[in-house]
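Hi,

Here is the structure I promised to pass on. Have a look at it first, and then read my notes below.

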Amino acid sequence: MWNPKAQLWGAETAEPGGARVRTTRAARRKSTPSPGCAEEAPGVREGGVAAPEVAMATETEAAEPVVPSLVDRYFTRWYKPDVKGKFCEDHCILQHSNRICVITLAESHPVLQSGKTIKSISYQISTNCSRLQNKVSGKFKRGAQFLTELAPLCKIYCSDGEEYTVSSCVRGRLMEVNENILHKPSILQEKPSTEGYIAVVLPKFEESKSITEGLLTQKQYEEVIVKRINATTTS
């Protein structure tokens, strides 16, 4: 099972947003009061002048850099808007440097919007084809199902009666599907870019550079969202 934290980034403790927590010995010495100082006023003395704790905290917060998320550090985000001509049914493809592509829902997809409740998810895309039957083995990934850009991966059924099909968006071999979302569909909405991913696809080596043709960059995708908002407000 593809695990973004354990497999690609190692077992490291992370705060929301990807910031790692590391406490050095020097930092611990500074934060631990020395014996006999319990009656001293809070603060750090420099040259006989007590520096207020509030001022120190403000300076520390201002100096902290913005740390990118783990996904943004190791993956490039690509987007496919209005998949199969269906308005707002946008997909996101997380492309790793090793060619692996993780298929997820884009932030603007109706399933991720407020008010939607997922009733069930199925990898049974037709009577004779189930993505759960995909069995990969060996160095050459034998048994992997081959996918085209529009090949369906799964179907999402919502409590309001709406049904959504998630497509591959890239050509390649299906490495695995995320069976966890079958048992707990809510993680698809709560963590769509990590634990709630749909599937993992491996493009052919000779096609690894061309698979992003027809996909949008993060900036281009944001421009599409802005145009949608403007069209809605002016109509």
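**Salt bridges and what they join**

Let's start with Asp82: its relative accessibility is 27%, so it counts as partly exposed. Keep in mind as you read that this is a predicted model.

Asp82 has a partner, Arg228, and the two form a salt bridge whose closest N and O atoms are 2.7 Å apart. This pair links distant parts of the chain: Arg228 is in helix H7, while Asp82 is in the loop between strand E3 (75–80) and strand E4 (91–96), 146 residues apart. Helix H7 itself covers residues 218–234.

What else does Arg228 touch, leaving out residues up to four places away in sequence? The list is Pro81, Asp82, Phe87, Cys88, Asp90 and Ser108. Asp90 comes up again in the salt bridges: Asp82, Asp90 and Arg228 are linked in a network of them.

If you are wondering what brings such partners together, side chains of opposite charge can pair when their charged atoms come close.

How many salt bridges does a search of the whole structure find? It finds six. Here are two more pairs to look up:

- Arg77 and Asp72 form a salt bridge, with 2.8 Å between the closest N and O atoms. Arg77 is buried, at a relative accessible area of 15%, whereas Asp72 counts as partly exposed, at 40% relative accessibility.
- Arg171 and Glu207 meet through their side chains in a salt bridge of 3.3 Å, N to O. Arg171 sits in the loop between strand E11 (163–167) and strand E12 (172–177), and Glu207 in the loop between strand E13 (199–202) and H7, so the pair ties together parts 36 residues apart in sequence. Here Arg171 counts as partly exposed, at 26% relative accessibility, and Glu207 is buried, with a relative accessible area of 18%.

Now for the whole protein. There are seven helices and 13 strands, and buried residues make up 35% of the 235 residues. Take the contacts between residues at least 6 apart in sequence: 59% of them join residues at least 24 apart. The accessible surface comes to about 14,600 Å², and 53% of that belongs to carbon and sulfur atoms.

Cheers

Notes
Residues numbered from 1 in each chain as written. Predicted model: local features only at pLDDT ≥ 70, side-chain atom pairs only at ≥ 80, totals over all residues. Heavy atoms only, no water. Helix = DSSP H or I, 4+ residues; strand = E, 2+ residues; numbered from the N terminus. Contact = heavy atoms within 4.5 Å. Buried < 20%, exposed > 50% of the residue type's maximum accessible area, 1.4 Å probe, protein only. Areas by Shrake-Rupley, 256 points an atom, 1.4 Å probe, with all protein chains shown as cover. Salt bridge = Lys/Arg side-chain N within 4 Å of Asp/Glu carboxyl O.
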